[in-house]
Amino acid sequence: MLKILSCAQPEAKRSLFADFDASGGAWVVSDLQSKWHLQKELLRREGVLEQACVWRATELWRHFAFQLQPDVRLLSPELAQTLFWNWIEPMGLPWAKSPQAVPVVLNQMQMWMSLFSDPQHEEIMPQWFQANPESYVRWGHWFELCAEIWRRCQSEGLVMVNWLPAVLLSQDLSALVWERELTFDLGPQISQVEGQLIKELSRHFEVNLIFPEAPWVSLMKNTLRPYDDLLAQPYKGDPEWQPSVSSALEFGRFSTQLAEVKDAVGRVRAWLDSGVQPQQIAVVAPDIEEYWPALQMYAQQEGIAFCKPVTARLGSFLEMARWISTLRTALAKVSAADLEMFLFSMQDQPRLSFEDFRVLFTHVYDSYDLRRASYLFESAVTPLDAARTLRASEFLIWTLKFWSTAAPTQRLLALLQVIGQEVPPDLELLPHQWLSYFEGILARREQTLRPADENGVWCVSLSSADWLPVTHGVFLNLSEGALRSVENTPVSSGEAQKIYADTGYAVGTSDHQENEFELLWFLKREWNELRLCFAATDFEGRVLTPSKLWMWAAFTNEQLKHQPEAPRVTRWDEIQRQSPAQLAEVRRWDKVRQQGLETGLTRDTSIAVSTWKPSARERVSASSLERYWNCPFQFAAERKLKLSDAPALDLDLDRRTRGSLLHALAERLTEEPLRFDWSDEELGDLIERCRADEKIRLGDERMWPALKAQHTRLARYLLDFEQEWRRRFPNTKTVGRETGFECSWDLSTGAPGAAGGAVTLSGRLDRIDQDSKGRYALVDYKASSANLRNWKSWEANHDVQLALYSMLVEEGLTGLPAGPVTAANYYVIKESDRRKGFHLRDETSELYSSADRHYNFINEQEKSELFARLREQINGAVTALMEGRLNPEPESEKVCGSCSWRKLCRAPHLN
């Protein structure tokens, strides 16, 4: 017999539970938190507790299913994900080509379970589709796939837990052995299938159903629809319902979810200080796990204990992460993150440096890329045949060969226990499918690190807050997306209701408003204080929309806030505002750590104050000086911290490596006497030698023929241009190719000098031409004309290389006899262009023509003034370097966008 127990207030439900006979009844709830609380209350009240007196609904359905179908095997979500894809992939469906199709199938399988549980379902839906052809066109193919999956599951005796209510409906419930009176307290979490099952159970057993009589039900009609067939008359609610006005309600609006957390913790601290007991306080959110990491940290600083366990996913432990990364690599499921874990975690002496690893494996696309350092992956373990199916035991035996004997095994044992419990012993899958299954378990299963403090502040999700004995609360994340969700399913709500009306089978709804219902039910409690909060952005900076219920209730209570408020000050804020000495006392730091903090704060708050040690000796080049002017910290990262930004291997050559290859090629092609009759075969051989000399590696060797052909064309461009140039200027002779030099810089005179000083100035000149009168022309090879400037713009843009080299050549500091530099140009080989830079206007020039139209001509006075300003500029930079002025002061914040050291930098605008 079915008895409806209407409850208009949460207190009414508590009264019912106060009269609950634990010896002869069974109370059924929807969540674990409610079950735990009711068990605790019964234990306090009765002194003893029978296990069968409080159930979660899923536990009860399992118990009934085991009685009626003892041979059925429960299928976990992780195994279902893997197994279903194993069935779907061979079908070759054009609209289900990836494992991403499985979540869609799982969602729709749940939708159709009440229909599938009927043996006649294969006749029902074809008839319905004939009357509704437009529905068949849109989603009939998904239904047929789900039906095929269901047939496979039936044949192998597999069923998921959330399918059990529908499966039970197809069984003879009179065969159940059950002696207790059932009281169902499922609230809005009840499904239509569960409603039908409860109705069928009431034909054989005494069943009580608690109906949450909510006057606002007209706002969310689908939420209580499963109760419609169970009530004598459908409950319509109050069409004129309005949110209540209460002096206990407060409304908060914040800019970010972090501000929400700070205010919530500050509010809880204030309540505790005023004498409110921790168990009378709750921090609630639609999904508390979203807030828990930040809440935990702030609560720890405040010394607030929360009644919530600290857990970690199995895959987050180092030994498990390394093991699964090794397995992915061994099965050719390669990624840079897995390789890093494989090569460096739990390794006292890695087989290569991290810098080499970054160069080799930052960009990894498939197992072919492992050939870049194949010796690293040599293993005595026999590889698996990727096309041969294995049982779980066979796959486990192979995977355990990769387990580190020095690693702790408790998490591995937890994984093996899960596998042993839920995997059928005769199930065979491909190796990569078993790997996906393992990954799913590691990503979802958790291990408790610290149990909940039973005397702490409640910290729960909204669906678990029904039975909490609290008088003070903070509700977080009253955003529209958190309280209401719409499933992405092709079956509309209207079609679902039409199927129910035509066939009698409950398909359910895609519009979920259970959280909205739970919120309003939550508000009906007797509160001393309840704060309802909304944040404009989440922890990742995404914009959130306030819930209509939050705005409506705030407006009704005349507390609607249009602007964010500042959160309460927390203990963490107070600590951070203390002086370093006070902070060191609070944290119990030693003097060294305190001084380090003071130094760091000084550096970060006052960029002008240097915290770098002055240098007795320094080595600079034109490029390093340009980086210093760009930002002193770029210079410090490379020269002081010895950090490398060597380019990572990829499918194409990076700009720096291309430049190295191009320079090496140009150097060999301009050897005197020049040849212009190179064949393509000779050029190809030359490019191969250049690559070998420069030790150039490729991310994928299959790309080399195309790159080689490209550089063959560039070599041909250079030869053609040089042949024409030498025809016009026959007295040109190349006297320096990749000419290295080393001299010093005298800070007292602000000028370069012979080698041996405190400041060493070094560099390499790409090419130096000379004419019959001893005049020089400098050439700097470039792959592209982007960002190349004429001499008038050099000083403003700290583009000093050609000007500096010209000055040093004229003073005889590069190993060549001193002589006038009449030209210094960039040579863009691809464009056959040698104009950018400067040319001295000289009608007698044998290296170029003063009759050519250029914007780069310079006279002797202008060149002298350019060199003078250059000496002053370099002297200032070198002086600052020697004094240790290396704080991050970028010339422009635009520089930071492409800086390799951005994440390490302490520039104020980046922190």
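A salt bridge here is a side-chain nitrogen of Lys or Arg within 4 Å of a carboxyl oxygen of Asp or Glu. Helices (H or I, at least four residues) and strands (E, at least two) are DSSP runs, numbered from the N terminus.

Before I go on, a word on the source: this is a predicted model, where local features need pLDDT of at least 70 and side-chain atom pairs count only at pLDDT 80 or more, while totals for chains, interfaces and linings use all residues. Residues are numbered from 1 along each chain as its sequence is written, and side-chain values use heavy atoms, with hydrogens and water left out.

Back to the pair: is Glu-422 buried or exposed? Glu-422 is buried, because its relative accessible area is 14%, and buried means under 20%, exposed over 50%, and partly exposed in between, with a 1.4 Å probe and protein chains only. Arg-445, at 25%, counts as partly exposed.

How many salt bridges are there by this rule? The count comes to 65. In general, side chains of opposite charge can pair when their charged atoms come close. Another of these pairs is Glu-667 with Arg-668, where the closest N and O atoms are 3.9 Å apart. Glu-667 is partly exposed at 24% relative accessible area.

A further salt bridge joins Asp-799 and Arg-789, at 4.0 Å from N to O. Both Asp-799 and Arg-789 lie in the loop between E24 and H30, so the pair ties together parts that are ten residues apart in sequence. Asp-799 is buried at 12%, whereas Arg-789 is partly exposed at 26%. Some salt bridges share partners, and these join Glu-250, Asp-263, Arg-267, Arg-531, Lys-561 and Glu-565 into one network.

That loop also holds Val-800, between strand E24 (776-782) and helix H30 (801-810). Val-800 is buried, with 3% relative accessibility. Contact means heavy atoms within 4.5 Å, and, leaving out residues up to four places away in sequence, Val-800 touches Ala-622, Glu-626, Trp-629, Leu-870 and Gln-873. Val-800 and Ile-874 are 74 residues apart along the chain, and their C-alpha atoms are separated by 9.0 Å.

Now the interior. A nonpolar core is a set of buried Ala, Val, Leu, Ile, Met, Phe, Trp, Tyr and Cys residues joined through side-chain atoms within 4.5 Å. Which residues touch the most other members of the largest core? They are Trp-61, Phe-84, Trp-112, Trp-163, Phe-184 and Leu-201, in a core of 151 residues. Helix H5 (residues 101-116) gives the largest share of this core, ten residues.

A second, separate core has 84 residues, including Leu-698, Trp-745, Ile-768 and Tyr-826. Ile-768 is in strand E23 (residues 759-770) and is buried, at 0% relative accessible area. Beyond four places in sequence, its contacts include Lys-733, Val-735, Tyr-776 and Leu-816.

Eight of the ten residues of helix H9 (residues 192-201) are buried, so H9 is largely enclosed by the rest of the structure.

Ser-744 is a polar example, in strand E21 (residues 733-746). At 6% relative accessibility, Ser-744 is buried. A polar atom of the Ser-744 side chain lies 2.4 Å from the backbone oxygen of Ala-754. Outside four places in sequence, Ser-744 touches residues including Pro-752, Ala-754, Val-759 and Leu-761.

Last, Tyr-365, in the loop between helix H14 (354-361) and strand E12 (390-391). Tyr-365 is partly exposed at 47% relative accessible area.

Key: A polar contact is a pair of N or O atoms within 3.5 Å; within protein, one must be able to donate a hydrogen and the other to accept it, and residues adjacent in sequence count only if both atoms are side-chain atoms.
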